[in-house]
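Try each task before you read its solution.

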Amino acid sequence: AQGDTAEALKAHQSAVRLRRVIFGEDHCEVAASLSNIADVLRDMQQLSAARKSLEEALAMQEYHWGLEHEYVAKTAKKLGRVLEALELHQEARPHLKRARDIFDKVFGKDDARATGCMHDASGSE
């Protein structure tokens with residue numbers, strides 16, 4: 001229900017504010033909350049806001065975990081899917097390919113996490 005989604009968004013926004021106070025502005029716990037906010041915003045079809053949240057989360061994750069971490073791949077994949085939903089296919093492809101490449105490296109090409117990006121990154125619908 002829409003009311004539940006709005007309440008979830010408020011709860012996640014509150015968590016971000018609290019985590020920024022406790023852990024600092026760009027902590028990985030803040031990034032996790034930003035990713036949760038993006039999930040809710042995507043469900044609410046607020047795709048531009050979801051994109052902004054994911055871009056911020058991705059920058060924090062890259063800083064804390066490096067460029068080839070599983071969480072970085074998950075966020076890159078989410079960002080790619082949001083960009084696809086915004087019909088920004090050219091912007092989406094590098095994120096989806098990056099996610100696929102990280103998943104391939106971390107888990108192997110036969111792992112479901114790696115193959116989950118294959119179709120998306122190819123550019124074919």
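**Exercise 1: a helix pair by its angle**

H4 and H5 are roughly antiparallel to each other. This is a predicted model, and the task is to trace that label back to the geometry of helix H4 and helix H5.

Solution, step by step:

- Start with a general point: two packed helices are described by the angle between their axes and the distance between the axes.
- Find the elements: helix H4 covers residues 70–85 and helix H5 covers residues 89–107.
- Read the geometry: the two axes come within 8 Å and cross at roughly 155°.
- Apply the cut-off: angles over 145 degrees count as roughly antiparallel, and H4 and H5 are therefore given that label.
- Look at the residues involved: on the H4 side they include Val 72, Ala 76, Leu 79 and Leu 83, and on the H5 side they include Ala 92, Leu 96, Ile 102 and Phe 103.
- Sort the residues of this contact by class: eleven are nonpolar, three polar and seven charged.

**Exercise 2: a second pair**

Describe how helix H2 and helix H3 pack, using angle and distance.

Solution, step by step:

- Helix H2 spans residues 28–43, and helix H3 spans residues 47–65.
- Their axes lie 8 Å apart, at an angle of about 160°.
- That angle makes H2 roughly antiparallel to H3.
- H2 goes past H3 in a left-handed crossing.
- In H2, the residues that meet H3 include Val 30, Leu 34, Ser 35 and Leu 41; their counterparts in H3 include Leu 47, Leu 54, Met 60 and Trp 65.
- The class count for the contact of H2 with H3 is 14 nonpolar, four polar and two charged residues.

**Exercise 3: phi in the loops**

What are the phi values of Gln 45 and Glu 87, and where does each residue lie?

Solution, step by step:

- For background, most residues other than glycine have a negative phi.
- Gln 45 has a phi near 65°, which is positive, and it is not a glycine.
- Gln 45 sits in the loop between H2 and H3, and its relative accessibility of 60% means that Gln 45 counts as exposed.
- Glu 87, also not a glycine, has a positive phi of about 65°.
- Glu 87 belongs to the loop between H4 and H5, and at 62% relative accessibility Glu 87 counts as exposed.

**Exercise 4: the setting of Ser 35**

Is Ser 35 buried or exposed, and which residues does Ser 35 touch beyond four places away in sequence?

Solution, step by step:

- Locate Ser 35: it is part of helix H2.
- Check its accessibility: the relative accessible area of Ser 35 is 7%, so Ser 35 is buried.
- List its contacts: leaving out residues up to four places away in sequence, Ser 35 touches Leu 54, Ala 57 and Lys 78.
- Compare sequence with space: Ser 35 and Thr 75 are 40 residues apart in sequence, with 7.3 Å between their C-alpha atoms.

**Exercise 5: the whole chain**

How many helices and strands are there in the chain, and what share of its residues count as buried?

Solution, step by step:

- The chain has seven helices and zero strands, giving the pattern α-α-α-α-α-α-α along the sequence.
- Of its 125 residues, 36% count as buried.
- The accessible surface amounts to about 7000 Å², and carbon and sulfur atoms account for 52% of that.
- Taking contacts between residues at least 6 apart in sequence, 53% join residues at least 24 apart.

Terms used. Residues are numbered from 1 along each chain as its sequence is written. This is a predicted model: local features need pLDDT of at least 70, side-chain atom pairs count only at pLDDT 80 or more; totals for chains, interfaces and linings use all residues. Side-chain values use heavy atoms; hydrogens and water are left out. Axes are lines fitted to C-alpha atoms, for helices over the stretch in contact, and angles run from 0 to 180 degrees between N-to-C directions. Helices (H or I, at least four residues) and strands (E, at least two) are DSSP runs, numbered from the N terminus. Angles under 35 degrees count as roughly parallel, over 145 as roughly antiparallel, 65 to 115 as roughly perpendicular and the rest as oblique. Contact means heavy atoms within 4.5 Å. Ala, Val, Leu, Ile, Met, Phe, Trp, Tyr, Cys and Pro count as nonpolar, Asp, Glu, Lys and Arg as charged, and the others, Gly among them, as polar. Buried means under 20% relative accessible area, exposed over 50%, partly exposed in between (1.4 Å probe, protein chains only). Accessible areas come from the Shrake-Rupley method with a 1.4 Å probe; for residues, only the protein chains shown count as cover. A crossing is left-handed if the near helix is turned anticlockwise from the far one by less than a right angle, and right-handed if clockwise.
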